[in-house]
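Here is a short report on one chain.

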Amino acid sequence: MEEKKYNRSFASRLSRWVMLVLLIMMCGLSYLIYTSQKAAVVELSASGFHSNMKSTVRFISDVMSDVNVAVSNNLFDIERHLGQPDQMQAIVERIVEQNPRIRSCGISFIESYYPKQGRWFCPYAWRNDSMQVETLQLGGADYDYLDSEWFKEAIASDSVYWSKPFFDGQDAKTPLVAYTHPIHDAQGRLVAVLGADLSLDFMARILEEQDSIFSEDAWTIQTRRTLFHSYVLSHDGTYITHPEQRRIQKGNFFVHIKDMDEPGLAEKIVGEMKEGKVSHDETEKVLMVNRKESYLFYAPVTGTDWVLVVSCPTIAIDCFAMLLGVTLIFVIAFVLLIAFLVTYLTVKRTAKPLKLLADTADKVAQGQFDTTLPTIKHRDEICQLRDSFENMQQSLAAYIEELKATTTAKASIENELKIAHDIQMSMLPKTYPAFPNRNDIDIYGLVMPAKAVGGDLYDFFIREEKLFFCIGDVSGKGVPASLVMAVTRSLFRNIAAHTAEPHKMVMGINELLCDNNETNMFVTLFVGVLDVATGTLDYCNAGHNVPLVLKDGDVGLLSCDPNIPVGVMPGWAFTCQQMQLKTNDSLFLYTDGLNEAEDIDHQQFGMDRVLQTSKVVGRGPQELVEAMASAVRQFVGEAEQSDDLTMFAVQKR
């Protein structure tokens, strides 16, 4: 066949248009970014800072209010038990345990309020680094709180107030602030001061979260933390929070504010912060903060004389202006719309032949394999696609005919396998109870082939008050194993009609299977004869799995001689053994499809699980077999069954 040549690539024509559109889009983006207004960025940034500061102030105020409520809820209990000093320790411990925000709590009584307790009495509880609450009695010669400044101030004030920040006396590292409340006795006398200490670490954490008001990207947040600085200040400008702990309670923010272009602006803003005012447009002007040109945003913390301050360098606003999200979104949307329209028109014109080819493909999909394909004028990839589709059309028609023949043959095989399965199952006992008119014996069996037909077998019948039974496993699976299984089951029936000795039955089956055994298939077999009246069991095991014996609530393995499977060697002298079954004793027989069943990780069910399941359930044959089947299914789960599984149990009543 002459090789066809294709020119003017469809992809190249489309690429030229796309490149033109991208060029226009880049020019538009550059122009709009260049002409963006800085004032809009400042206004947007101010709005974001104010909104975030409001939520931050609200959070801080809520936390401090929670401490206020926790203290107030316990005042009545304290005043009610003033005559019981032993109760005070339990109360402060409860306050700390029930309020995770409270770091420590103590009740400092006036001098010798409890004479028996001595001059000092201050029950105290605190939360250690492991978040466990510990207690002790503060006060003594080494810590005379009666002479401390904060206690004298609290006694003199006789009112509720938040103290100045201080460092924890336990680790001298954690900054705290105390909420103090006076305690009065029934006569209204001031007898103690209740102090609940709040760790200021929570404010440092909330200020770190403030850095993500515009972005949750890790790199952006880290950059903003480098540029933006958030602090909580006391009334006089002292740092209450600061990234450098050494500056807390020591450095003063106000001394770092200097005028820029507007004289007196720094003094005005410091005055507004001291007065508890919120920053607004007029005060959002450039100042020198920590030697950087910056904007200041501030708001008072409700319920305190503190102020929340955010310092934003002007360089951060300049950078943010280049990343103005809203403008870029509109620009990208506008440019992409143009690119879409141009590309759409181009593709629609160029891909018109594809529509004709698609219509033809629909008819082919409906089975019309002789449909004529459209003619393509352009010698490009679409024309090549049309020729490839024509080849596929011809191949598909041939494949469908072949598939019909294969499907017919497969259906015939599956039908024959189903018939073989039904025939095989009909050869095995399936009606239970097997002997409804007898109460001296109980039997139950179950076969689960791995394929449509299998090589496992079991059978039983009663003759002359003796129960003849067998169980076997043919090597291999599928149809060959099912044929050997049928032959073995028939031989058992025929030979057992002439003898009641298990080893002679096995020897007869062995000789007949060895004769002309060109496929070298063999059968593991267990044959037993149970005298129903006396309980005497004669048995012969030809290489089969050792059965289980359930006697007196215990489970054990039946003692079996090491005979070879039948069909392996003619003339083998199989041995016969004997045991005694008492009333309610049971015998459980099974093929290796039980103990060798595998889950999806190829772990085997194993004899340990077989024995364990036998101990859990009762000794009824049906209950035992069904419980074992359920345990195997649960263990195997989603894994495919790899071998035939047969179980058979007999119990003497």
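## A buried aspartate and its partners

Asp77 counts as buried, at 16% relative accessibility. Here buried means under 20% relative accessible area, exposed means over 50%, and partly exposed lies in between, with a 1.4 Å probe and protein chains only. This is a predicted model: local features need pLDDT of at least 70, side-chain atom pairs count only at pLDDT 80 or more, and totals for chains, interfaces and linings use all residues. Residues are numbered from 1 along each chain as its sequence is written, and side-chain values use heavy atoms, with hydrogens and water left out.

Asp77 forms a salt bridge with Arg94, and their closest N and O atoms are 2.7 Å apart. Arg94 lies in helix α3 (residues 85–98) and Asp77 in helix α2 (residues 38–80), so the pair ties together parts that are 17 residues apart in sequence. A salt bridge here is a side-chain nitrogen of Lys or Arg within 4 Å of a carboxyl oxygen of Asp or Glu. By this rule the count comes to 15 salt bridges. Side chains of opposite charge can pair when their charged atoms come close. Three of these pairs are tabulated below.

| Salt bridge | N to O distance |
|---|---|
| Arg94 and Asp77 | 2.7 Å |
| Glu111 and Arg119 | 2.9 Å |
| Arg438 and Asp440 | 2.9 Å |

Arg438 is partly exposed, at 23% relative accessibility. Salt bridges that share partners join Asp77, Arg80 and Arg94 into one network. Glu111 is partly exposed at 46%.

## The chain as a whole

The chain has 16 helices and 22 strands. Both are DSSP runs numbered from the N terminus: helices are H or I with at least four residues, strands are E with at least two. Of the 653 residues, 44% count as buried. The accessible surface comes to about 35500 Å², and 55% of it belongs to carbon and sulfur atoms. Areas come from the Shrake-Rupley method with a 1.4 Å probe; for residues, only the protein chains shown count as cover. Among contacts with a separation of 6 or more, 63% join residues 24 or more positions apart. A contact means heavy atoms within 4.5 Å.

## An open sheet and the helix across it

Five strands form an open sheet in the order β13-β22-β21-β18-β19, with antiparallel pairing. β13 (441–448) and β19 (554–557) stand at the edges, each with a single partner strand, so one side of each is left without a neighbour in the sheet. The twist averages 15° from one strand to the next. Two strands pair if DSSP finds at least two bridges between them. β13 and β22 (residues 645–652) run antiparallel and are joined by 8 bridges. In this pairing, Ile441 stands opposite Lys652.

Helix α15 (residues 606–616) lies across β18 (548–551), β19 and β21 (586–590), and runs at about 25° to β18. Axes are lines fitted to C-alpha atoms, for helices over the stretch in contact, and angles run from 0 to 180 degrees between N-to-C directions. The buried residues of α15 are Gly606, Val610, Thr613 and Ser614. Seen down the axis of α15, they fall within an arc of 130°, so they line one face of the helix. The arc is that of the directions from the helix axis to the C-beta atoms. These residues pack against β18, β19, α14 (592–595) and α16 (621–636). On the other side of α15, Asp608, Lys615 and Val616 are exposed.

## Backbone exceptions

Most residues other than glycine have a negative phi, and most peptide bonds are trans. The Tyr432 to Pro433 peptide bond is cis, with omega near 0°. Pro433 sits in the loop between α11 (381–427) and β13.

Asn584 is not a glycine, yet its phi is positive, about 75°. Its place is the loop between β20 (577–580) and β21. Asn584 is partly exposed, with a relative accessible area of 36%. His602 also has a positive phi, near 65°. His602 lies in the loop between α14 and α15. It counts as exposed, at 59% relative accessibility.
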